[in-house]
Amino acid sequence: MSEDKLLEINNLTVSIKEGKEMLPVVRGINITVPRNKIIGIVGESGCGKSITAKSINHILPPAAKITAGSMIWHEASGQQTDLVTLKEKEIRKRCGKDLAMIFQEPMSSLNPMMTIGSQIKELLKIHKLENNPQKAKARVIEMLDAVGIPEPALRYKAYPHELSGGMRQRVMIAMAMIGQPKLLIADEPTTALDVTTQAQILKLIRKMCESYSMSALMITHNMGVVSSTCDYVYVMYLGTIMEEALTQELFNNPLHPYTRGLLSSIPKLGDNPEFLKTIPGNIPVDSKKFKGCKFCMRCSDDIKKCFFEEAPLYKVSENHYVRCHLAGSDNKIVNSEDTSNKAGSETVKGGKNK
Amino acid sequence: MSAFIRRCVGVLLVLLGVMLLIFIVLRIIPGNPAAVLLSEHANKETIERLTASMNLDKALPEQFLLYLSGALRGDLGQSYYLKRPVLDLVLEAFPFTVKLTIFSAAFAWIFGIAVGVISAVYQNRLPDYLFRGISLLGVSVPVFMVALFLQYLFYFKFSLLPLLYDGSAVSMILPAIALGWNSAGSVARLTRSSLIEQNNELYLDTAKAKGLTAKAALLKHGLKNAMLPVITMLALQLSSMLSGAVITESVFGIAGIGKLALSAVETRDMPLLQGTVLFSAFIISLGNIISDLINTCIDPRLRV
């Protein structure tokens with residue numbers, strides 16, 4: 001990856017309070033978002049990808065806490081800030097201006113009692129980007145036009161329930177873009193939309209990233225979304241990064257059995273329609289005591305070692321890393337990753353002792 | 001608009017039902033009102049004459065139809081005891097009840113909503129526990145207890161406020177608190193729970209991602225959404241207050257609808273009792289319609 005980093009997530013561990021215990025749902029992951037790139041995090045429901053996204057701008061549910069790790073934000077000036085340590089007021093100053101987010105459910109992500117125009121305009125007011133109400137309104141209408149909403153001046157006064165799902169997601173994108181953020185976090189932005197709308201929204205996000213020179217972190221469970229939008233992909237399973245690679249590389253040469261399972265689950269024209277390929281089993285109930293590979297219960301290629309020892313992240317090439325004994329054993333272990341992972345597990349233990 | 005007309009027709013049907021019900025109930029009660037009205041020593045002929053003049057000797061359906069046709073013409077009959085048209089008596093008492101209602105509703109809403117919002121913002125922290133305790137007292141202590149306690153505290157102990165209502169605004173403070181106390185409690189509890197529920201709504205995440213702090217997001221975006229059920233409750237409370245507060249008006253000596261109804265019961269003044277009940281039913285139905293209209297104004301999803 002290039003040196004021009006925007007956001008560097010190091011050893012992020014997020015735990016959810018379950019009774020008296022803190023159950024880690026994201027376990028020491030490392031993700032780097034470079035400038036002007038779209039990064040994907042892909043995985044099944046419950047793998048911790050949404051939690052990862054929400055921990056960046058501190059909108060985790062009350063039961064979830066970041067227990068270890070850092071998220072280094074790199075300013076263009078070279079200044080670095082750790083987002084994890086920011087107080088509520090400081091992170092809110094960045095939200096909407098540096099970091100923007102769009103959500104899975106455009107139906108319920110907008111306030112039903114306010115017109116979409118005033119909801120977008122509110123962002124300009126919060127960050128004092130435009131104090132003149134007339135000019136602010138003009139800017140909002142301009143942005144609504146830019147995200148492809150027909151008759152934007154008319155739609156400015158529309159309430160969310162008067163728009164379709166795709167239109168509402170466009171409104172969300174307009175709201176995200178009006179602060180001209182450097183990073184767009186898109187948490188399953190197309191999951192609730194129908195297929196034709198999905199393609200339009202993805203195209204729009206790509207276009208916005210290019211024209212505003214913005215990076216995006218795309219959270220999805222859909223390999224199709226990854227292939228059509230992302231530059232670099234992280235495959236996540238049970239709170240751990242299983243494989244990461246340039247998108248092209250990942251699709252051409254998937255090494256982890258989980259990645260291969262995800263890719264072969266995409267139905268293709270000409271397949272026997274009676275049988276859809278799936279990964280057998282469900283995401284297992286997590287146990288702290290289990291030290292082996294998190295995927296071994298569902299893996300078709302597992303060896304004995306998988307049950308006792310979790311694989312380190314092996315470096316396959318400059319742009320491809322994999323956490324699998326079988327796929328990576330010929331390759332170098334990434335040292336930094338290995339140590340940080342240990343540190344992560346220690347902090348989790350430390351958290352438990354509290 | 002057609003929905004509104006349907007509601008109005010519904011109100012008329014409700015009022016008809018109320019009239020029928022109160023008419024039957026009053027006729028079931030044993031004893032001849034004419035006999036009660038006259039002294040014990042009145043002779044039979046006098047009683048019969050009075051019975052006839054009050055239409056009480058006619059068959060029940062005929063009596064009801066007579067009453068109904070009178071009501072449609074705005075004539076609710078003549079009070080047996082006070083010897084004046086019922087409608088005049090009700091309309092004379094109503095301004096006092098309105099005054100009491102305005103004062104106590106203002107108290108209940110301002111106090112109730114403020115307490116509810118503070119509780120919700122400081123959920124499960126000290127102010128919340130404190131205010132939850134207060135609002136629990138609000139919903140659980142009966143009106144007459146509150147009224148007597150207020151009189152004891154503010155008149156006998158500290159002699160700050162007058163004991164009874166004397167027409168001045170100051171003397172309205174205690175009755176207003178007494179009548180508003182229960183409403184304030186339930187408003188506070190509903191506001192709190194409704195606002196806390198908004199925390200699960202996704203649009204609050206959007207507001208936070210936009211740059212609002214959790215508190216600001218809840219107050220700017222959550223409160224308006226949380227107010228919908230509260231407004232319905234407020235309107236219902238308002239109409240029940242307007243239909244007369246029997247206990248509060250009696251304790252503080254306010255000549256409102258509630259006191260009028262009570263004296264009608266005491267003197268077995270059937271036309272007056274019918275009149276006050278009908279009036280209350282009318283006010284409560286009206287309150288329901290008004291709460292619907294307000295919600296339609298606030299919630300854009302309800303507009304057609």
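Me: Where is Asn36(A) placed in chain A?

Reply: In this predicted model, Asn36(A) sits in the loop that lies between strand 2 (21-34) and strand 3 (38-42) of chain A.

Me: Why is Asn36(A) called partly exposed?

Reply: Asn36(A) has 16 other C-beta atoms within 10 Å, and since a residue is buried at 20 or more and exposed at 12 or fewer, the value falls in between, so Asn36(A) is partly exposed.

Me: Which residues is Asn36(A) in contact with, leaving aside its neighbours within four places in sequence?

Reply: With those neighbours left aside, Asn36(A) is in contact with Ser213(A) and Ser215(A), where contact requires C-beta atoms, placed from the backbone, to lie within 7 Å. As for Leu12(A), 24 residues apart from Asn36(A) along the chain, the C-alpha atoms of the two are separated by 23 Å.

Me: What makes helix 8 of chain B roughly antiparallel to helix 10 of chain B?

Reply: The axes of helix 8 (residues 173-198) and helix 10 (residues 214-242) of chain B come within 9 Å and cross at roughly 150°. Angles over 145 degrees count as roughly antiparallel, and therefore helix 8 of chain B is described as roughly antiparallel to helix 10 of chain B. The crossing of helix 8 and helix 10 of chain B is right-handed.

Me: Which classes of residue make the contact of helix 8 of chain B with helix 10 of chain B?

Reply: The residues of helix 8 of chain B in this contact include Leu179(B), Val187(B) and Leu190(B), and those of helix 10 of chain B include Leu218(B), Met233(B) and Met241(B). By class, the contact of the two helices has 12 nonpolar, 8 polar and no charged residues.

Me: How is chain B divided, and what separates the centres of its domains?

Reply: The division is into domain 1 (2-83) and domain 2 (87-302) of chain B, whose centres, taken over C-alpha atoms, are separated by 33 Å. Their contact takes 19 residues from domain 1 and 18 residues from domain 2 of chain B. On the side of domain 1 of chain B that touches domain 2, the largest share, 9 residues, comes from helix 1 of chain B, and by class that side has 14 nonpolar, 4 polar and 1 charged residues.

Me: Which element gives the most to the side of chain A that touches chain B?

Reply: The contact between the chains takes 26 residues from chain A and 18 residues from chain B. Helix 2 of chain A gives the most to the side of chain A that touches chain B, with 4 residues, and by class that side has 12 nonpolar, 7 polar and 7 charged residues.

Note on methods. Residues numbered from 1 in each chain as written. Chains lettered and ligands numbered in written order. Predicted model: local features only at pLDDT ≥ 70, side-chain atom pairs only at ≥ 80, totals over all residues. Domains from an automatic or database assignment. Contact = placed C-beta atoms within 7 Å. Helix = DSSP H or I, 4+ residues; strand = E, 2+ residues; numbered from the N terminus. Nonpolar A, V, L, I, M, F, W, Y, C, P; charged D, E, K, R; others polar. Axes fitted to C-alpha atoms, helices over the stretch in contact; angles between N-to-C directions. Parallel < 35°, antiparallel > 145°, perpendicular 65-115°, else oblique. Left-handed = near helix turned anticlockwise from the far one by under 90°.
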